[in-house]
Amino acid sequence: MAAWDLSVIVDDLGNDAPPVTLSVTSDLHIGGVMLKLVEKTQIQRDWSDHALWWEQKQQWLLRTAWSLEKCGIHADARLIFTPQHKPLRLGLPNGTTLRLKACFSSPVFKTVMGICSMLNIRRPEELSLLRPVEEKKKKKDKDLNVEIYDLCDLPLSSASRPCLYNMMPAHFADSPEMEAIYKMLSVTQPPPAPEVIAKQYRPASVVDKAHINGRWLDSSRCLLQQGVQENDRLWLRFKYMTFYELEPKYDVVRLTQLYEQARWAILLEDIDCTEEEMMLFGALQYHISKVSQSEPQLLTTTAAMDDLESALQSLEVKMEGEGSSASEMLENMTAPELSDYLKIFRPKRLTLKGYKQYWFKFQDTSISYFKSKEESIGEPIQQINLKGCEVAPDVNVAAQKFLIRLLIPAPEGMNEVYLRCDNEEQYANWMSACRLASKGKTLADSSFQSEIQSIRSFLAMQKTNSGSHGNVAANEESINTYSLVSPRYHKKYKVKQLTPRILDAYQNIAQLSLTDAVLRFLQIWQALPDFGLSYVVVRFKGSRKDEVLGIAPNRLIRIDLGVGDVVKTWRYNNMKQWNVNWDIRQMAIEFEGNVNIAFSCVTADCKIVHEFIGGYIFMSTRSREKSDVLNEELFHKLTGGHEAL
């Protein structure tokens, strides 16, 4: 066979280096070409990650056993010998930018799996990559100041689940710097300054929201095929709003990043919520920020594990103090008691009597009360077990009102009981005890003191708030209200008006742990009417005007662009088939009952819409038995279109 010359650009020789010319025959396979290249460059290094990229055809030549003839390569082919893994600047939902090595030769779906494995994010199928919003030219200079955390030296593992050490992937446990980066991924960021929120891009209409969905990358094609170059900037975001098995124990990074994405969606009004909901979101953000400063890790265990841990700790203490007597050991094991004069009031009883004073005793998870301290040796008037009850504060520091409202489960409904404390100190102790008891914990629990501390700081904050002199500075220091709500409320209300409303909402959630608060935030976000809707501007067949298609986890919604009203809803479970005519870029969907719809896409490629629908159908196939194995083939069949065939 006749030999001919093939020119190949070798990336590692630098941009100005001339191409390397090889003498080849058409039956030489791709692997042979790579071998000749390596020999000719005479550079001693690891070439295992390198492959050939065919520029005109925009494809990788990864089948090394195929001959040049089979690939259709002739002398005019522009080939580049380049690494398959290249650095990428990746913006995370919490605003952190990481520089890490990503695979440029695999489909984006696989690349995202690799990134998630490195960052310890489970369920990578829920995330994808998208191009950032174009920034105005003048902002470019400021962009240089963004701190980028480098993870390029991390080993690329093929394992889908990283090996954990101290609840963090082993590759982050190597050095204090890496640990700090992992902590940044897994701990919520403090609320952003109001100026930062004001500068962010905010979609003004449904059409603006629709433009964002045009920036998702195609899951079935690789980064290089989509024009992404080395060191380009991309965003990693949750794309499919259906979250499977959120486990606080294993999903530290996933939960934190999901919370950050939800928080920004609310602050930038990506999703609509009522004023009351905004106040609750503000209160939860304030609480999460406050607790995450005192609880550095989001790692939580179940109550049973907590009990086991405290039992092991007390055993450890006892083992150390072996010399102690049996009576001392017994003393250590029994929980401390709390007793004092309090007033009680039961609104359920049909009497007009006010609060009556009794001597109260707190033991384990129950409250008992007696006529007086002297009679506390005998039988109590009543004993109330607080396990499983609801505890709510009713406090006004200025008016010296310190009430604890208890809702106790009973066969006929909930029994309401109010306890009145005389002062802040008494209230902090008893409120903490009630909260712990409602969770089934005793006063011996290690969190008792921190609970008291948290209540004291809440009272102190209310004090600065209700100060008659209106000390805004002290107020600002304790709660920066404009950081917790969207800019619309900055214009509508003064700080003085917003702060009491947020604090009001805060009273009801102040006892939540960090994980519970994050989960509550996500729960309320997911309950919003517009949650999970991705918009695309489309033109329905036979219609003369543009309309909006809302793609939700379980349905498609046709929305009138002028009025914003929902015209029609179609559910996926009634869908018989959907097709794309790639030539005229039109989608046709057939539903049960002879319902057919067809539309072309205006603001996004129809491949993106096709992928959203296929992706949500794929998400609904996940089940517990198969949960650990991700069926990539099925995902590509449902989302890949003609490229998957």
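**Notes on a cavity and a sheet**

1. Helix H13 (448-466) gives the largest share of the lining of the largest cavity, three residues. A cavity here is a set of points on a 1 Å grid over the protein atoms alone where a 1.4 Å probe fits but cannot get out, and lining residues have an atom within 4 Å of a point. Helices (H or I, at least four residues) and strands (E, at least two) are DSSP runs, numbered from the N terminus.

2. Keep in mind that this is a predicted model: local features need pLDDT of at least 70, side-chain atom pairs count only at pLDDT 80 or more, and totals for chains, interfaces and linings use all residues. Residues are numbered from 1 along each chain as its sequence is written, and side-chain values use heavy atoms, without hydrogens and water.

3. What lines that cavity? Among the residues are Pro 393, Tyr 427, Arg 435, Phe 458 and Tyr 506. H12 (424-438) and H16 (495-507) also supply at least two residues each.

4. Now the sheet: five strands form an open sheet in the order S2-S1-S5-S3-S4, with mixed pairing. Two strands pair if DSSP finds at least two bridges between them. S2 (20-24) and S4 (59-61) stand at the edges with a single partner strand each, so one side of each has no neighbour in the sheet.

5. S1 (residues 4-10) and S5 (residues 79-83) pair in the parallel sense over three bridges. Look for Val 8, whose bridge partner in S5 is Leu 79.

Terms used. On a 1 Å grid over the protein atoms alone, a cavity is a set of points where a 1.4 Å probe fits but cannot get out, and a pocket is an open set with protein on both sides within 12 Å along at least five of seven lines; lining residues have an atom within 4 Å of a point.
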